[in-house]
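Subject: Handover of a structure, with notes

Dear colleague,

I am passing this structure on to you, and below it you will find my notes on what came out of it. Please read them with the structure open beside you.

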Amino acid sequence: MSLTVGVAALMGVSMATSPSAYAVSCHGSSCSNKGPKGTGCDANAINFRQFMLKGGYYELRWSNACHAAWIRASGASGLGASAVIQRILLDGGDGVDVQEERAVAVNKGEVDWSNMVGTNYGSYYRVCGTYFGLPASTMECAPLVYHD
């Protein structure tokens, strides 16, 4: 009987401490250039958008807890993939002003993620990708997306 009570008590303690596994160590701009796993931001993240661009498959990831975004990239071609996530400020015309960007590169069959771009307010984001090793001038960019 006491063994059953002891096991139940241990399970209760374990369940009580589980939510702390989702604690995050940054929010908004304090997340900029930090890794999503090391900060806990990946725990409840969502795929905000997905893109197939030159050389890879890219998921634009978003953490509500951290108010930050990043790319999870998969190398789809034999050359692998190279990508950037950009936080954009529209200039009122057709131009964009890149406020912040983070890069990630993967070989075929690999999966990796960029560091985060974080902000304390709503922003536009863009994912651009190309084949691994090619210059940035060959990047193809997905449409802008907004997240508040």
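Strands are DSSP runs of E with at least two residues, helices are DSSP runs of H or I with at least four residues, and both are numbered from the N terminus.

Before going further, please keep in mind that this is a predicted model, in which local features need pLDDT of at least 70 and side-chain atom pairs count only at pLDDT 80 or more, while totals for chains, interfaces and linings use all residues. Residues are numbered from 1 along each chain as its sequence is written, and side-chain values use heavy atoms, with hydrogens and water left out.

Which strands pair with β8? Two strands are said to pair if DSSP finds at least two bridges between them. Strand β4 (residues 81-90) runs antiparallel to β8 and is joined to it by eight bridges, and within this pairing Y124 of β8 is the bridge partner of I88. Strand β10 (residues 145-147) is also antiparallel to β8, with three bridges between them, and here V145 of β10 is the bridge partner of Y125. Strand β9 (residues 140-141) pairs with β8 in the antiparallel sense over two bridges, and in that pairing C128 stands opposite C141 of β9.

**Disulfides**

How many disulfides does the structure hold? There are three, a disulfide being a pair of cysteine sulfur atoms within 2.5 Å. When the bonded cysteines are counted along the chain, the pattern is 1-2, 3-4, 5-6.

The link of C128 and C141 is right-handed, with 105 degrees about the S-S bond. C128 is buried, with a relative accessible area of 2%, whereas C141 is partly exposed at 36%.

Another disulfide joins C41 to C66, with an S to S distance of 2.0 Å. This pair, too, links distant parts of the chain, with C41 in the loop between α2 (36-39) and β1 (46-53) and C66 in the loop between β2 (56-63) and β3 (68-75), 25 residues apart. The link of C41 and C66 is left-handed, with -95 degrees about the S-S bond, and both cysteines are buried.

A disulfide also joins C26 to C31, at 2.1 Å from S to S. The link of C26 and C31 is right-handed, with 105 degrees about the S-S bond, and both C26 and C31 are buried.

**Salt bridges**

A search of the whole structure finds four salt bridges, each being a side-chain nitrogen of Lys or Arg within 4 Å of a carboxyl oxygen of Asp or Glu. One of them is between R72 and E59, whose closest N and O atoms are 2.5 Å apart. Because R72 lies in strand β3 and E59 in strand β2, the pair ties together parts that are 13 residues apart in sequence. R72 is partly exposed at 27% relative accessibility, while E59 is buried at 10%.

The side chains of E100 and R87 meet in a salt bridge as well, at 3.3 Å from N to O. With E100 in strand β5 (residues 96-106) and R87 in strand β4, this pair ties together parts that are 13 residues apart in sequence. Salt bridges that share partners join R87, E100 and R102 into one network. Are E100 and R87 buried or exposed? E100 counts as buried at 9% relative accessibility, and R87 is buried with a relative accessible area of 10%.

A further salt bridge brings together the side chains of K37 and D42, at 3.6 Å from N to O, and D42 is partly exposed with a relative accessible area of 25%.

With kind regards

Methods
Buried means under 20% relative accessible area, exposed over 50%, partly exposed in between (1.4 Å probe, protein chains only).
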